[in-house]
Amino acid sequence: MSEQGDWVLIGLDENTARRQGIPARMPVPRGEFEGLADKGLSIDAARKWIKDFLTNSEPGKSGVWRKQNSTLVSQFEAFLDKAPVWERAQKAFGERDYEKAISALKRIVTMDPDDHAARLNLASAQANMGDHPAALKSFQAIRKTFQGDADYHVAVGQVHLAMQKKDAALDEMVLALEAKPDCQPALDAMVQLGVLVPIYENPRDAASLVYVRSDAVLEYLAGQWDAAPRDGAFYLEQLAYHERELRHDVALAAAERAVAAAEGASVERAQLARIAALRSLGRVDEALAAAQAYVKEAPSSSGAWVELAKCLAQAGRGEEAPAAIERALESDPGDLAALSLRFWPSDPADIQKVNEAIPALAAFVAAHPESAGARRSLARAELVAGRIDAALAGFASAVALAPEDDDLRAEYWGELGKQQRYLEIIADAAKLSDLAKRDWKLRWNEAEAYAALGKNIEARAAFSAINFDESLHVDVRRRAKRAVKTMDETPPVVT
């Protein structure tokens, strides 16, 4: 630091100066010097002070001083000359005109090779143009300056990803996380690379999100589960969550713990999930043995017979599966999985084959008039066949038979919504006195119906109620929050 009359020339860390694209020595008005540590040094202030120093200060007007400090004066002048070029570059970035941005930034780099902020932006513009080799070269030229900066390492890693250099990308993301352990772009990239997996330790709590090595998810969760006493309900919730995420090994572990801890109807859910997880993991012999054991233990469980049928088919003993399916339908004529195996074609979207299956399915419904599940399966088939009115009538009949089945009613409302029959959804919802306590899918369908009818106040209230329901999975609540935000951002429809 040196004093020049009313000015103080301060020295900056050279790395910091290069990162910001400012001279390493900076004139500061004496009156501003004391507060500089608190306020920091902005680019605008630097330009103002340098211009003022060169134009008005005694040293700046002194030919002798300028000659003795010619290198510093050249740096000051280059810094000022860059300002309009920087403005062009920033304007081009704002307009996503990366070609113009690159042209302006190259001009800045020529004017001031030590302006690494310009080089960093140049690399970014080149990456946006798809010129990844040039971007990588530009990034590497400033590596020493930005080493340890999380954003820099993420940007370099993204270029490596675009060039299919996954190992190099992974190395950069690791460096980013070492610099900033909660660096979200790096975490997202590690997920994309398959190295990490995002896990909610508690599916209802957004704050419980952790990132776990993809090859150690079960090991990590088992340690968490063992850390405190857990009941059957806990393991059933974990089971459902990891089933949805197709983490079959974790679902199996949760199912086995649920079997040991659960009681009553929950035991059946856990047992069936255990068999399904074994099947999904390719452990067919174990799955078949477990299914055979469970049908003996619970012969009235339609789900047990369905799992046995699936295991037999997967084990190459498909000729034995129909008998198990018949036993399932004897136990529960409305078991949707059994009905699908019994009547539906292997491709449920094959319109011709579904049409061919409808007569037999309709006959089964006629033979079991009190089965809501059978009517629901027939309604689904009629939808595939394009018989919309008949399908909706079938759903309505099924709902009348099982008014407490929220999943069934939600499917019905969903199909009404697809046909833009929103008033029917609202009318049916009005019949339910306790909708707030029913399945979230019903509340979601009601909210969408209100929104489609332009009743934004009601829709916003319904979505907000879902968002604030802490009993729901965090992803459902986030969807509801996004729905409210979208409504707030969308102008009302003028009618």
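These legends describe close-up views of a predicted model.

**View 1. Helix H29 and the helices that cover it.** Helix H29 runs over residues 456-467 and has twelve residues. From first C-alpha to last it reaches 16 Å, close to the 16 Å expected at 1.5 Å a residue. Its buried residues are Ala459, Ala462, Phe463, Ser464, Ile466 and Asn467. Their cover includes helix H28 (440-452) and helix H30 (474-489).

**View 2. Tryptophan 7 meets phenylalanine 53.** The model's count comes to 13 aromatic pairs. In this one, the ring centres lie 5.5 Å apart and the planes stand at 80 degrees. Planes over 60 degrees apart count as edge-to-face, so this pair is edge-to-face. The pair links distant parts of the chain. Tryptophan 7 is in strand S2 (residues 7-11), and phenylalanine 53 is in helix H4 (residues 43-56), 46 residues apart. Both residues are buried.

**View 3. Tryptophan 444 meets phenylalanine 463.** Here the ring centres are 5.0 Å apart and the planes are at 75 degrees, so this pair is edge-to-face too. Tryptophan 444 belongs to helix H28 and phenylalanine 463 to helix H29, so the pair ties together parts 19 residues apart in sequence. Tryptophan 444 is buried, with a relative accessible area of 8%. Phenylalanine 463 is buried as well, at 4%.

**View 4. An aromatic cluster.** Trp7, Phe53, Trp65 and Phe76 form one cluster.

**View 5. Two arginines over rings.** The charged end of arginine 47 sits over the ring of phenylalanine 79, 5.6 Å from its centre. The charged end of arginine 479 sits over the ring of tryptophan 444, 4.3 Å from its centre.

Definitions and conventions
Residues numbered from 1 in each chain as written. Predicted model: local features only at pLDDT ≥ 70, side-chain atom pairs only at ≥ 80, totals over all residues. Heavy atoms only, no water. Helix = DSSP H or I, 4+ residues; strand = E, 2+ residues; numbered from the N terminus. Expected span 1.5 Å × (residues − 1). Buried < 20%, exposed > 50% of the residue type's maximum accessible area, 1.4 Å probe, protein only. Contact = heavy atoms within 4.5 Å. Phe/Tyr/Trp six-rings, centres within 6.5 Å; stacked < 30°, edge-to-face > 60°. Lys NZ or Arg CZ within 6 Å of the ring centre and 35° of its normal.
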